[in-house]
Amino acid sequence: MTKITQKQLIGQLQQLKEIKPRKEWALLLKSQITADLSAQAEMVSMPEKKISFINGISSVFSQRKLAYAFTAALLLIGGVFGFTTLFSFENMPQQPAALSSQASLKSNVATLNNKINDLAQVAKTGKKTSISSVETEINTLTKNLKNNPISDPVIVKELAVSLKTLADVPGVDLTENKDVKDLYQTVVENQIFDLEKTTLTTEQKEILKTAKDLYEKGKYADALEAILMINN
Amino acid sequence: MNNLNEQFGQIYDQYIDKIYRFVYLKVSSQETAEDITSKVFTKYWECLKNPEEEVKNPGAFLYQVARNAVVDHYRAKGRANTVSVDVSSEIADPGTSAQEKAVLNADINVIKKGILKLKKEHQDIIIWHYLEDMPIANIAELMGKPEGTVRVMLHRGLKDLKDIIQES
């Protein structure tokens, strides 16, 4: 730049007004500060999370009791009246099958988590590494998820933490990876659905609204970050 | 609490762009600007919650906290108030489309680099007056200096900036 008049300089200075913060960041920061997370969020959201998890376990437990009682009653009826062939037991093995699919998902998530932790550790030491093993695990998990939607909130939470850890690994950017996007979407969908059924404070509702807006815009990673703020 | 939230929300909406811009122009990094800006508003929220700490002029408070936070940032980094050209060339990394537009404009980038080379007080006055349209009287109050002094500093700062840009 050679010669410049004072008027031109002031004009160019005023063009710097175009510098603005990222909208998503500004929205999140506002929610985060007013949510006063350190105290309120923990007190309110954690017991509800625990309750929803306990409800999940107790519902499985009560189904089992019901199943045993039902089987015993049928054997008794069958033994006495010979009606054993009247009832079909086709549905009975479904529960163990459903449980095993969730166990398989849990195992996938645990493996992924280990790989991500390894990756984070290697990144810290500055050694050159390949992220292919993490990508393979993500691909396996995504395929598994397509056939077996997650129903256990604990698995969702573990997966959310894994994704957050992955996002924080320096020098690794998998945000454009299709499988990673799918994983984020699944987790965010599950979490929003779960949180909508939960009693939230006004601040937490605001964060949830922000998360839903981000989800609708396809910004799943940002949406997850907002959700984790509610859950932490 | 809701009243406090509303009060905070109004000030936040009014100042978030200004404070971020003020900090960004002084640190030339999106990440650092976000970090410092979040600290500034967290500090304001803490004061708002504490009945013993009254904030009479939120704008002045936020700018003051931001100035101190920027100084702390450079102190922690062990750097001088001015930033080398090499460092200031890192400006071009950030994210929003509006910001990218500004960065892509070569002349604007030169201005940003020029601002970073100014004295800290000149930086503040130029940003406040020409970017935030703050009257001289308010700047004088904010800096605790007479209006005449601020006018002279503004004139000198602008002249220095012009020289820096013409030399580049």
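Of the 168 residues of chain B, 36% count as buried, a residue being buried if 20 or more other C-beta atoms lie within 10 Å of its own, exposed if 12 or fewer, and partly exposed in between, with C-beta atoms placed from the backbone. This is a predicted model, in which local features need pLDDT of at least 70 and side-chain atom pairs count only at pLDDT 80 or more, while totals for chains, interfaces and linings use all residues. Residues are numbered from 1 along each chain as its sequence is written, and chains are lettered from A, and ligands numbered from 1, in the order in which they are written.

The two chains can be set side by side in a table. Helices (H or I, at least four residues) and strands (E, at least two) are DSSP runs, numbered from the N terminus, and two residues are in contact if their C-beta atoms, placed from the backbone, lie within 7 Å.

| Item | Chain A | Chain B |
|---|---|---|
| Elements | 9 helices, 0 strands | 9 helices, 0 strands |
| Buried | 28% of 232 residues | 36% of 168 residues |
| Contacts between residues at least 6 apart in sequence that join residues at least 24 apart | 78% | 65% |

Confidence in chain A calls for care. Its average pLDDT, the predictor's confidence in each residue on a scale from 0 to 100, is 69, and 63% of the residues score at least 70. Over residues 37-65 of chain A the pLDDT is below 50, and this stretch has 24 contacts in the model beyond near neighbours in sequence. The pLDDT is also below 50 over residues 83-99 of chain A, a stretch with 6 such contacts. Where pLDDT is low, the predicted coordinates should not be read in detail.

The contact between the chains takes 24 residues from chain A and 36 residues from chain B. On the side of chain B that touches chain A, at least two residues each are supplied by α1 (2-27), α2 (30-49), α5 (97-104), α6 (106-117), α7 (120-131) and α9 (147-167), and the largest share, 10 residues, comes from α1(B). The residues of this side of chain B divide into 19 nonpolar, 10 polar and 7 charged, where Ala, Val, Leu, Ile, Met, Phe, Trp, Tyr, Cys and Pro count as nonpolar, Asp, Glu, Lys and Arg as charged, and the others, Gly among them, as polar.

Within chain A, helix α1 (residues 6-15) has Leu9(A), Gln12(A) and Leu13(A) as its buried residues. Seen down the axis of α1(A), these buried residues fall within an arc of 105°, so they line one face of the helix; the arc is that of the directions from the helix axis to the C-beta atoms. Lys7(A) and Gln14(A), on the other side of α1(A), are exposed. The buried residues of α1(A) pack against α6, α7 and α9 of chain B.

The axes of α1(A) and α6(B) come within 9 Å and cross at roughly 90°, axes being lines fitted to C-alpha atoms, for helices over the stretch in contact, with angles that run from 0 to 180 degrees between N-to-C directions. The two helices α1(A) and α6(B) are therefore roughly perpendicular to each other, as angles of 65 to 115 degrees count as roughly perpendicular, those under 35 as roughly parallel, those over 145 as roughly antiparallel and the rest as oblique. In this pairing, Gln12(A), Leu13(A) and Gln15(A) of α1(A) meet Asp107(B), Ile108(B) and Ile111(B) of α6(B).

Glu34(B) is found in helix α2 of chain B and, with 20 C-beta neighbours inside 10 Å, counts as buried. Leaving aside its neighbours within four places in sequence, Glu34(B) is in contact with Pro21(A) and Trp25(A).
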